[in-house]
Amino acid sequence: DVYNTRLAQLGFIVITVGHRGGTPMRGKAYHAYGYNNMRDYPLADDKYAIEQLAARYPFIDATKVGIYGDYSVRVRPNQELVKNYKHGLLLFTGAMDKTVNPANTLRLVDALIKADKDFEMFVLPKCTHGFFGESEDFFEHKMWRHFARLLLHNNSADSDVDLNKDMIKDDRRR
């Protein structure tokens with residue numbers, strides 16, 4: 001994934017975890033595990049992988065972890081977990097998404113507001129489930145700065161927008 005590569009180029013340790021039930025290509029039993037059950041176990045899988053890596057490699061700080069993907073809104077029970085949320089949530093949704101309807105994100109946002117939780121949210125007007133063009137650039141820049149601010153306590157990327165744009169353009173030419 002190109003986001004992983006660019007995050008690694010920025011100095012983050014990046015991993016990808018294949019979750020239980022994540023693909024029908026591994027057989028019916030594997031796929032059936034995740035069907036209608038995608039709230040708790042993907043995060044448990046991520047947590048386990050990170051803990052194992054941190055135990056093996058001392059330069060990995062398991063207390064500073066950023067996750068991106070569609071964890072937060074892919075199923076309605078996540079609204080029940082809002083009370084456990086601490087900080088650092090950055091939500092994006094495509095206004096024309098037919099895979100994860102934007103209404104799911106809005107229900108989560110409503111629950112966050114009712115619980116008096118702090119978060120950031122962006123709606124990308126031209127996008128479906130996948131982001132593209134200027135919207136993708138906007139998403140990626142926000143993600144970089146978000147992770148740098150929360151995980152590295154570094155706000156310098158907020159003022160270095162030109163460097164970010166040049167990095168993406170160079171990467172797309174390859």
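The legends below describe close-up views of a predicted model. Local features need pLDDT of at least 70 and side-chain atom pairs count only at pLDDT 80 or more, while totals for chains, interfaces and linings use all residues. Residues are numbered from 1 along each chain as its sequence is written, and side-chain values use heavy atoms, with hydrogens and water left out.

**View A. Tyr3 and Phe139 form an edge-to-face aromatic pair.** The structure holds 10 aromatic pairs. Rings of Phe, Tyr and Trp (its six-membered ring) pair if their centres lie within 6.5 Å; planes under 30 degrees apart count as stacked, over 60 as edge-to-face and the rest as tilted. For Tyr3 and Phe139 the ring centres are 5.4 Å apart and the planes stand at 70°. Tyr3 belongs to helix α1 (residues 2-9) and Phe139 to helix α5 (residues 133-151), so the pair ties together parts that are 136 residues apart in sequence. Helices (H or I, at least four residues) and strands (E, at least two) are DSSP runs, numbered from the N terminus. Tyr3 counts as buried because its relative accessibility is 12%; Phe139, at 11%, is buried too. Buried means under 20% relative accessible area, exposed over 50%, and partly exposed in between (1.4 Å probe, protein chains only).

**View B. Phe139 also pairs with Phe92.** This pair is edge-to-face, with 5.0 Å centre to centre and 90° between the planes. Phe92 sits in strand β1 and Phe139 in helix α5, so parts 47 residues apart in sequence are tied together. Phe92 has a relative accessible area of 14% and is therefore buried. One aromatic cluster contains Tyr3, Tyr68, Phe92, Phe122, Phe131, Phe138 and Phe139.

**View C. Helix α4 covers residues 102-114.** Its 13 residues reach 18 Å from the first C-alpha to the last, close to the expected 18 Å (1.5 Å times one less than the number of residues). Among the buried residues of α4 are Pro102, Thr105, Leu108 and Leu112. Their cover includes β1 and β2 (119-124), where contact means heavy atoms within 4.5 Å.

**View D. Ile13, Ile15, Tyr57 and Phe59 make a nonpolar surface patch.** Tyr57 lies in the loop between α3 (41-56) and β1 (89-94), and is partly exposed at 33% relative accessible area.

How values were computed
Patch = residues over 30% accessible without salt bridge, like charges linked within 9 Å, V, L, I, M, F, W, Y side chains within 5 Å. Areas by Shrake-Rupley, 256 points an atom, 1.4 Å probe, with all protein chains shown as cover. Salt bridge = Lys/Arg side-chain N within 4 Å of Asp/Glu carboxyl O.
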